[in-house]
Amino acid sequence: MSTSLTPGQKGLLETTLLAQRSRLETELKLQLGGEDRVTHAREQLLQDTDGETAHEADREVDLARSDATLQALREVNAALQRLQEPDFGHCADCGTAIAFDRLRLSPQVTRCIECQSASEARGGGGHHATL
């Protein structure tokens, strides 16, 4: 396995990350109805519905969706920043090169499969960016 990514591989990963960022930004705008998150949350609180319990559940689902999208966007932006570093593509835990096939599927990962599996076994692998 190669210990560093070629410029072509980095270019492919950058293109993938930029496409993911664009998709996530569009998704977030649709979720928030073109408003910022605070304004959207306030509008959700002010809406009248038939049942307060149902409205509260809908609001929680809506906010959880936007939180998840925001977190994914943060992870993509962090990966774009790391892409400029010489050690991009190396495991944050053990330092070995992460397989390009793994990076191609999810360029924001920070661990090799072995370290990710070990982290999950310890109960610390639930964060998407470390997949």
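**View 1. Buried residues of helix H1.** Leu13, Leu17, Gln20, Leu24, Leu28, Gln31 and Leu32 of H1 are buried (buried means under 20% relative accessible area, exposed over 50%, and partly exposed in between, with a 1.4 Å probe and protein chains only). The model is predicted: local features need pLDDT of at least 70, side-chain atom pairs count only at pLDDT 80 or more, and totals for chains, interfaces and linings use all residues. Residues are numbered from 1 along each chain as its sequence is written, and side-chain values use heavy atoms, leaving out hydrogens and water.

View 2. Helices are DSSP runs of H or I with at least four residues, and strands are runs of E with at least two, numbered from the N terminus. Helix H1 has 26 residues (7-32), so at 1.5 Å a residue it should span 38 Å; the expected span is 1.5 Å times one less than the number of residues. The end C-alpha atoms of H1 are 37 Å apart, which agrees. Just after H1, Gly33 has a positive phi of about 65 degrees.

**View 3. Two nonpolar cores.** A nonpolar core is a set of buried Ala, Val, Leu, Ile, Met, Phe, Trp, Tyr and Cys residues joined through side-chain atoms within 4.5 Å. The largest has eleven residues: Leu5, Leu13, Leu83, Phe88, Cys91, Ile98, Phe100, Leu103, Val109, Cys112 and Cys115. A second, separate core has nine residues, including Leu28, Leu70, Ala79 and Leu80. In soluble globular proteins, nonpolar side chains tend to be buried together.

**View 4. The surroundings of Cys115.** Leaving aside neighbours within four places in sequence, Cys115 is in contact (heavy atoms within 4.5 Å) with Cys91, Asp93 and Cys94.

View 5. A salt bridge is a side-chain nitrogen of Lys or Arg within 4 Å of a carboxyl oxygen of Asp or Glu, and the count here is three. Arg111 and Asp93 form one of them, at 2.9 Å from N to O. This pair links distant parts of the chain, 18 residues apart: Arg111 lies in the loop between helix H4 (100-105) and helix H5 (113-121), and Asp93 in the loop between helix H3 (52-82) and H4. Arg111 counts as buried because its relative accessibility is 13%, whereas Asp93, at 43%, is partly exposed.

**View 6. Salt bridges within helices.** In helix H1, Glu27 and Arg23 are four residues apart, so about one helical turn separates them; their side chains meet at 3.3 Å, N to O. Glu27 is partly exposed at 29%, as is Arg23 at 48%. In helix H4, Arg104 and Asp101 are three residues apart, about one turn, and their salt bridge is 2.9 Å, N to O.
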